[in-house]
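Hi everyone, thanks for coming. I'd like to walk you through the cross-links in this chain, covering disulfides and then salt bridges. Have a look at the structure first.

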Amino acid sequence: MQQWNEGPRMGSRLVVPPGYGGAATPNYGCPVPRTAPSPNYGGAPGTLPAGPGYVITGSAASPPTSSVHTPMKPGSSRPMLGGMFQRARPPGAAAASRTVAYFCTLTQLALYAAPVMLAVQLANDPDAAYWIGNVGLWALAVPFYTILLHVVHVNQIAANQQTSVIFGLMILPMVFLCMTGSWYLVPASRIQAGLFSAECSGKGLERKAELQQAYEQAFHIYNMCAERMRQEQGLEATFRHVTLPMCKEWFLNANGSKQGIMIPKNGYSRQRVRDFQYLAHVEASHVCGGFCFSGPALWTSSRELGREGGSMCAPLVAAKFSTIKRRAEMIFWAGLFNFIILLLGYVFARPMFERLGYGGGD
């Protein structure tokens with residue numbers, strides 16, 4: 001029988017060669033896996049007992065830790081932990097997303113142009129503003145809103161955090177434009193019918209009656225002024241020569257004591273002063289006098305009107321409301337049509353947006 005060679009000794013100590021008992025070195029002819037405990041020594045997996053008479057050198061005691069690597073995520077160039085909080089997107093997706101952002105912004109500005117301008121025109125129209133209001137002025141904020149939304153969109157793309165919510169915010173102004181068209185369209189028909197009516201008082205005609213009362217109040221001041229001018233000048237001061245801006249009585253307050261500026265404000269309610277201003281506008285723009293009943297023009301001379309006297313103003317204002325209704329309808333239908341265009345465009349382009357990394361906003 002061949003004698004077993006226990007290996008070299010250093011004095012009384014046994015020197016264990018490097019790699020003895022490792023994964024690739026047979027231990028008494030049997031390979032020992034790293035994950036299994038040593039069958040001969042009962043130690044930890046892949047280790048040799050340390051005790052008197054043994055010197056453990058090299059990497060025989062434990063497997064090298066550098067042999068364990070973190071696996072890469074399939075199909076991604078980022079490590080698992082490095083890409084945990086950011087979504088991976090295909091190459092060129094950032095440039096394509098920026099192109100989408102600019103295209104969407106230019107499309108919005110083109111679609112918003114017509115209804116926004118019509119809404120601002122209605123808000124600045126004296127007849128629409130007096131009878132309905134100037135709610136259409138909010139449309140001036142639409143271009144600034146669109147540009148602000150574009151800046152937010154581009155910043156989201158740069159941070160790889162773009163969401164599909166941004167497209168819903170693009171459509172939002174169209175909803176408000178439809179509401180603005182309805183705001184003017186619904187009462188316009190009722191106001192037009194009341195102005196065409198021969199009656200000057202009754203349910204739904206309160207504003208019409210107040211305008212006639214304001215005209216009669218101004219007409220009383222006009223008569224006082226004309227009488228004074230006849231007495232002072234000894235001339236026949238007719239309606240052709242006298243207007244309210246010529247009369248000092250017009251610039252006094254309701255009690256006739258304190259002067260106002262241009263239109264008497266002291267002693268009159270704010271609404272009555274607004275009625276005076278509107279009547280002055282109606283005379284100049286519609287070439288009329290009186291509101292429910294015919295009368296002379298008080299604020300505008302016959303030279304400016306091109307004729308002496310005039311017809312009552314209510315039917316002429318009612319005819320103007322046909323134009324107001326038509327503009328309101330254009331705002332409503334343009335807003336609705338553009339809303340449908342943007343919505344269908346998003347539905348058809350949604351798969352492309354998802355490939356570019358647009359999430360659902362969660």
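Let me begin with Cys-225 and Cys-247, which form a disulfide with their sulfur atoms 1.9 Å apart. By disulfide I mean a pair of cysteine sulfur atoms within 2.5 Å. Cys-225 sits in helix H5 and Cys-247 in the loop between H5 and H6, so the bond ties together parts that are 22 residues apart in sequence. The torsion about this S-S bond is -90 degrees, a left-handed link. Both Cys-225 and Cys-247 are buried, and buried here means under 20% relative accessible area, with exposed being over 50% and partly exposed in between (1.4 Å probe, protein chains only).

A quick word on the basis for all this: it is a predicted model, where local features need pLDDT of at least 70, side-chain atom pairs count only at pLDDT 80 or more, and totals for chains, interfaces and linings use all residues. Residues are numbered from 1 along each chain as its sequence is written, and side-chain values use heavy atoms, with hydrogens and water left out. When I say helix, I mean a DSSP run of H or I with at least four residues, numbered from the N terminus.

Another of them joins Cys-200 to Cys-292, with an S to S distance of 2.0 Å. That pair links distant parts of the chain, 92 residues apart: Cys-200 is in the loop between helix H4 (165-196) and helix H5 (206-233), while Cys-292 is in the loop between helix H6 (270-286) and helix H7 (302-305). Its S-S torsion is about 75 degrees, so this disulfide is right-handed. Both of these cysteines, Cys-200 and Cys-292, are buried.

Then we have Cys-288 and Cys-313, joined at 1.9 Å, S to S. Here the torsion is 105 degrees, and the link is right-handed. Cys-288 lies in the loop between H6 and H7, and Cys-313 in the loop between H7 and helix H8 (314-355), 25 residues apart. Cys-288 is buried at 1% relative accessible area, and Cys-313 counts as buried at 1% as well. Counting bonded cysteines along the chain, the pattern for the protein reads 1-5, 2-3, 4-6.

Now for the salt bridges. The count comes to six, where a salt bridge is a side-chain nitrogen of Lys or Arg within 4 Å of a carboxyl oxygen of Asp or Glu. What does Asp-275 pair with? One partner is Arg-207, at 3.7 Å from N to O; another is Arg-272, with the closest N and O atoms 3.6 Å apart. Asp-275 and Arg-272 both lie in helix H6, three residues apart, about one turn of the helix. Both Asp-275 and Arg-272 are buried, whereas Arg-207 is partly exposed, with a relative accessible area of 26%.

Over in helix H8, Glu-354 and Arg-350 are four residues apart, about one turn of the helix. Their side chains meet in a salt bridge at 3.4 Å, N to O. Glu-354 is partly exposed at 47% relative accessible area, and Arg-350 counts as partly exposed at 43%. Back at Asp-275, salt bridges that share partners join Arg-207, Glu-210, Arg-272 and Asp-275 into one network.

Notes:
Helices (H or I, at least four residues) and strands (E, at least two) are DSSP runs, numbered from the N terminus.
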